[in-house]
Amino acid sequence: MAINHSSDDESTRLYHPYQNYALPINAQHLYKLPTSPEYLFTEESLKKRRSWGENLTFYAGTAYLGGSVAGAGAGIVSGVKSFECGDTSKIKINRILNSCGHKGRSVGCRIGAVGLIYAGVESGVVEFTDRDDVWTSVVAGLGTGAVFRAARGVRSAAVAGALGGVVAGGVVAGKQVLKRYAHI
């Protein structure tokens, strides 16, 4: 419904909601919509990253979905391994579905919790340092691993923190390599 005309103002576009109907309405003088997002406060327009709430939703949701799919894949394998001689096809399908549901749910919740912790730690680090770069992600990975495994002891938290920092740094480095060479 938006029509891009070459007008003198490139920051707006004409919007004609009734263009598919034969109505004698000249919408060129009624609707001039901006082409860029409008912000309520100027501070929002200066930031070049997602807000903490958007990060929280994105990381937790993506982690839960990925963990659920990976857990369902592991559930298929364990469901097939649990077949017994003389099982009918209905019993086999039931074993696979039960195993997929159980493993998918449990792995999804664990990985979703990691995404939730990562989003919180990363937003806290960005707010504290007022910059968003590779080291922010590495520190967020360190903190996430340490917090996630803190209940198992100091040694486990330290190892998980180091592993989380390496994984977060690898993901950011891989993302930059993809941006540079894959042109996605």
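1. Let me start with a charged pair: the side chains of Arg-95 and Glu-84 form a salt bridge, at 3.8 Å from N to O. This pair ties together distant parts of the chain, since Arg-95 belongs to helix H3 (residues 89–129) while Glu-84 sits in the loop between helix H2 (52–81) and H3, eleven residues apart. Please keep in mind as you read on that this is a predicted model.

2. How exposed are the two partners? Arg-95 has a relative accessibility of 26%, so it counts as partly exposed. Glu-84 reaches 49% and therefore also counts as partly exposed, because the exposed class begins over 50%.

3. Asp-87 forms a salt bridge with Arg-95, and here the closest N and O atoms are 3.1 Å apart. Is Asp-87 buried or exposed? With a relative accessible area of 18%, Asp-87 is buried, because the cut-off for that class is under 20%.

4. A search of the whole structure turns up three salt bridges. Besides the two pairs already described, have a look at Arg-131 and Asp-133, whose side chains meet in a salt bridge at 3.7 Å, N to O. Arg-131 is partly exposed, with a relative accessible area of 48%, and Asp-133 is partly exposed too, at 27%.

5. Gly-79 has a relative accessible area of 0%, so it is buried.

6. Which residues form it? Leu-163, Val-167 and Val-171 do, and together they have about 290 Å² of accessible area. One of them, Val-171, lies in helix H5 (residues 154–181). The relative accessibility of Val-171 is 54%, so this valine counts as exposed.

7. Now for the overall layout. The secondary structure of the protein comes to five helices and three strands. Reading from the N terminus, the order of the elements is β-β-β-α-α-α-α-α.

8. Some totals for the protein may be handy alongside the local details. Of its 184 residues, 22% are buried. The protein exposes about 13,400 Å², with carbon and sulfur atoms supplying 63% of that area. Among contacts with a separation of 6 or more, 42% come from residues 24 or more positions apart.

Key. Residues are numbered from 1 along each chain as its sequence is written. This is a predicted model: local features need pLDDT of at least 70, side-chain atom pairs count only at pLDDT 80 or more; totals for chains, interfaces and linings use all residues. Side-chain values use heavy atoms; hydrogens and water are left out. Patches are made of residues with over 30% relative accessible area and no salt bridge: like charges are joined within 9 Å, nonpolar side chains (Val, Leu, Ile, Met, Phe, Trp, Tyr) within 5 Å. Accessible areas come from the Shrake-Rupley method with a 1.4 Å probe; for residues, only the protein chains shown count as cover. A salt bridge is a side-chain nitrogen of Lys or Arg within 4 Å of a carboxyl oxygen of Asp or Glu. Helices (H or I, at least four residues) and strands (E, at least two) are DSSP runs, numbered from the N terminus. Buried means under 20% relative accessible area, exposed over 50%, partly exposed in between (1.4 Å probe, protein chains only). Contact means heavy atoms within 4.5 Å.
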